[in-house]
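Here is a short tour for anyone meeting this chain for the first time. Have a look at the picture, then read on.

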Amino acid sequence: MLSGYRLMWMMVLFDLPVLTKQERKAAANFRNFLLDQGFEMCQLSVYMRFCAGKEQSQVYTRRVQSALPPSGNVQIIYFTDKQYENIVSFNGATREQAHKNPQQYTLF
């Protein structure tokens, strides 16, 4: 049975150097890789992806690891769909509406 406690989200947070042309290219390539893998940008260095469970999140973790740039810090945080529902977001001083589950949420 699928529940909001089994369904997972991955959040990739990173701080990559961008002082040289080569570093900027590596950072851009990493961002594009995340987008190609189905991650959505929340902030410039914060990307999220919905996963059907822990096994799928491990697959994407290995993919992220294989695409890491040569320098910089990258962290991955995992949380349940129920925890995702409790995220509070602001745009300036305005509170944004509650997060909605993505289209990927529909499982065949």
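You'll find Thr80 in strand β4, which covers residues 73-80. Its C-alpha sits 9.0 Å from that of Gly53, although 27 residues separate Thr80 and Gly53 in sequence.

Before going further, keep in mind that this is a predicted model. The mean pLDDT of the chain is 89, with 86% of the residues reaching 70 or more. Among the elements, helix α1 (residues 21-36) has the highest mean pLDDT, at 98. At the other end is strand β6 (residues 94-95), with the lowest mean, 86.

Now for the overall layout. The chain has three helices and six strands. The accessible surface comes to about 7500 Å², and carbon and sulfur atoms account for 52% of that.

Helix α2 gives us some examples to look at. This helix spans residues 54-66 and includes Arg63. Thr61 has its place in helix α2 too. Leaving aside neighbours within four places in sequence, Thr61 is in contact with Met10, Ile76 and Tyr78. Arg63 has 36% relative accessibility, so it counts as partly exposed.

| Pair | Apart in sequence | C-alpha to C-alpha |
|---|---|---|
| Thr80 and Gly53 | 27 residues | 9.0 Å |
| Arg63 and Phe33 | 30 residues | 9.4 Å |
| Thr61 and Met10 | 51 residues | 8.7 Å |

How many salt bridges does the structure hold? The structure holds one. Its partners are Glu55 and Arg6, and their closest N and O atoms are 3.7 Å apart. Glu55 lies in helix α2 while Arg6 belongs to the segment before β1 (8-15), so the pair ties together parts that are 49 residues apart in sequence. Are the two partners buried or partly exposed? Glu55 has 48% relative accessibility, so it counts as partly exposed. Arg6, at 38%, counts as partly exposed as well.

Finally, turn to the outside of the chain. Leu35, Met41 and Leu44 form a nonpolar patch on the surface. Together these three residues have about 310 Å² of accessible area. One of them, Met41, lies in strand β2, which runs over residues 40-43.

Methods
Residues are numbered from 1 along each chain as its sequence is written. This is a predicted model: local features need pLDDT of at least 70, side-chain atom pairs count only at pLDDT 80 or more; totals for chains, interfaces and linings use all residues. Side-chain values use heavy atoms; hydrogens and water are left out. Helices (H or I, at least four residues) and strands (E, at least two) are DSSP runs, numbered from the N terminus. Buried means under 20% relative accessible area, exposed over 50%, partly exposed in between (1.4 Å probe, protein chains only). Patches are made of residues with over 30% relative accessible area and no salt bridge: like charges are joined within 9 Å, nonpolar side chains (Val, Leu, Ile, Met, Phe, Trp, Tyr) within 5 Å. Accessible areas come from the Shrake-Rupley method with a 1.4 Å probe; for residues, only the protein chains shown count as cover. A salt bridge is a side-chain nitrogen of Lys or Arg within 4 Å of a carboxyl oxygen of Asp or Glu. pLDDT is the predictor's confidence in each residue, from 0 to 100. Contact means heavy atoms within 4.5 Å.
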